Amino acid sequence: MNLNFSEEELQFQREVREFLQHNLPAHIVEGTANNGSVFVEKDIALEWQAILVKKGWAVPQWPVEHGGTDWTPAQKYIFSKECYHAGAPMLIPLGLLMLAPVIMAFGTAQQKAEYLPKILHGEHYWCQGYSEPGAGSDLASLKLKAEAEGDDYIVNGSKIWTTHAHLADHIFCLVRTDTSGKPQHGISFLLIDMDSPGVTVEPIITMAGDHEVNQVFFDNVRVPMANRIGEENKGWSYAKYLLEFERGGGFSAHRIRHELDNLRRLMAAAKREDTAFDSHGDIERKVARIEIDLKALEITELRILSAVSGGGNPGPESSIMKLSYTKLEQDINELSVDVLGYTGFVMNPVADGNPVRADYISSVVPRYLNNRAASIFGGSQEIQRNIIAKMVLGL
Ligand SMILES: Cc1cc2nc3c(=O)[nH]c(=O)nc-3n(C[C@H](O)[C@H](O)[C@H](O)COP(=O)(O)OP(=O)(O)OC[C@H]3O[C@@H](n4cnc5c(N)ncnc54)[C@H](O)[C@@H]3O)c2cc1C
């Protein structure tokens, strides 16, 4: 694989840089820098999404016929890298990058026409209803019951840890439509309007102090069968397809590089204040280790991107991605708190009157706390290792 950019690709890079310079508003960059959560604020993400939609650049991953670009893998790589470098936020992937590929692959023509434009234009804001109390890693044991009644399902039960359910207007759910066979059989994939009578959302506040996740309750919720994706009882295979995109469908390396740059800024500031800072080079050595692993992640992402651009899905290798980018990001979070030293003890050093250092500092501790959850969401690190052992290494 040739990793040097051609003159055409360098020209494209200049075009992207110029676009970002003129179209990425400062308040979006600021909101992104101060964000301590997994996703940026909904308003910020949707504003940036609208700007990209207008340019035709919102979803390079999608096929052109649905509003994607005809970019080469190298162009997609450049675009993602430049966006993170400029401080642009990640678009919320739940609808755009997780549900949409499933609708494209398994939805009817009518479902594609109905849902894809609304996802693209931010008219629908989706959340993911997979996990339940008692069904997380062992997802196939899920129980949210959907019983047929005429042309509808009647849905009863609960989903938990549902990110942004309090902000979403729609939820894609795995539901139990049959209990007679193996747990994996008898699951269906259902799209539910959050405004349906009988849906309620209860907040769960995390140790980082933020409201990101929820428990969603379904009490005799009537859902048209027309909202089912694919065949009844075959939802498990669509669910796994989606998880591959959740775990390894994008460019996490660029996001992490941006965070590494921020860590280096913190280190430089610490050195300016105290010349004895890291005099034994312990932190520098850890940063060098991160840099090496990040290079490896970048190359692996490029390999997966080449495969996906050829029309494939990320495959079980996406578990390698999830494992590596989670560890790298958490290592950076941890080192950032180390570099802050005693100021790291307070939740928000800037608000608490610490005059030192810049904007990024206020999100260091919330980000550290929030990102502990990355070992768990999207499938825990242990589960990713199990998948790699079985599906990639064939053990
Ligand atoms: C911040 C956050 C956001 C989330 N957002 C969503 C969301 O939007 N939608 C959604 O559906 N879900 C969401 N989740 C849920 C997430 O997918 C589950 O928490 C995850 O799958 C683990 O399930 P569990 O919490 O039930 O833990 P468990 O499955 O009970 O696991 C507990 C521990 O046991 C280990 N373990 C379990 N089974 C095995 C095994 N076979 N081998 C080795 N170790 C094992 C796990 O690794 C873990 O450490 C979110 C979770 C968090 C923390």
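This note goes through the predicted model point by point, from its domains to single residues.

1. Basis of the note. Because the model is predicted, local features are taken where pLDDT is at least 70 and side-chain atom pairs count only at pLDDT 80 or more, while totals for chains, interfaces and linings use all residues. Residues are numbered from 1 along each chain as its sequence is written.

2. Domains. The domain assignment of the protein gives domain 1 (7-91), domain 2 (125-235) and domain 3 (249-392), with bounds that come from an automatic or database assignment. Five residues of domain 2 are in contact with six residues of domain 3, and the side of domain 2 that touches domain 3 has two nonpolar, two polar and one charged residues. Contact here means that the C-beta atoms of two residues, placed from the backbone, lie within 7 Å. In these classes Ala, Val, Leu, Ile, Met, Phe, Trp, Tyr, Cys and Pro count as nonpolar, Asp, Glu, Lys and Arg as charged, and the others, Gly among them, as polar.

3. The ligand. The ligand is surrounded by 19 residues, of which Y130, G136, S137, W161 and S380 are the closest; a residue is counted as near if its C-beta atom, placed from the backbone, lies within 6 Å of the molecule. By class, the shell holds eight nonpolar, ten polar and one charged residues. At least two residues of the shell come from each of β1 (126-129) and α12 (381-392), where helices (H or I, at least four residues) and strands (E, at least two) are DSSP runs numbered from the N terminus. The ligand lies between domain 2 (125-235) and domain 3 (249-392), because both give residues to the shell around it.

4. The nonpolar core. In the largest nonpolar core, which has 85 residues, the members that touch the most others are L99, V155, I171, L190 and A239. Helix α10 (residues 318-340) gives the most to this core, with nine residues. Such a core is a set of buried Ala, Val, Leu, Ile, Met, Phe, Trp, Tyr and Cys residues joined through C-beta atoms within 7 Å. Leaving aside neighbours within four places in sequence, L190 is in contact with A146, Y153, C173, V175, V223, N227 and R228.

5. Helix α10. The 23 residues of α10 should span 33 Å at 1.5 Å a residue, and this agrees with its end C-alpha atoms, which are 33 Å apart; the expected span is 1.5 Å times one less than the number of residues. Just after α10, G341 takes a positive phi of about 65°.

6. Not counting residues up to four places away in sequence, L142 touches E132, A135, L174, R176 and I187; the C-alpha atoms of L142 and I187, 45 residues apart along the chain, are separated by 8.3 Å.

7. Backbone angles to check. Most residues other than glycine have a negative phi. H164, in the loop between β3 (152-160) and β4 (170-176), is not a glycine, yet has a positive phi of about 60°, and H164 is buried, with 21 other C-beta atoms within 10 Å. N220, in strand β7 (residues 211-224), has a positive phi near 50° and is exposed, with 11 other C-beta atoms within 10 Å.

How values were computed. Buried ≥ 20, exposed ≤ 12 C-beta atoms within 10 Å, placed from the backbone.
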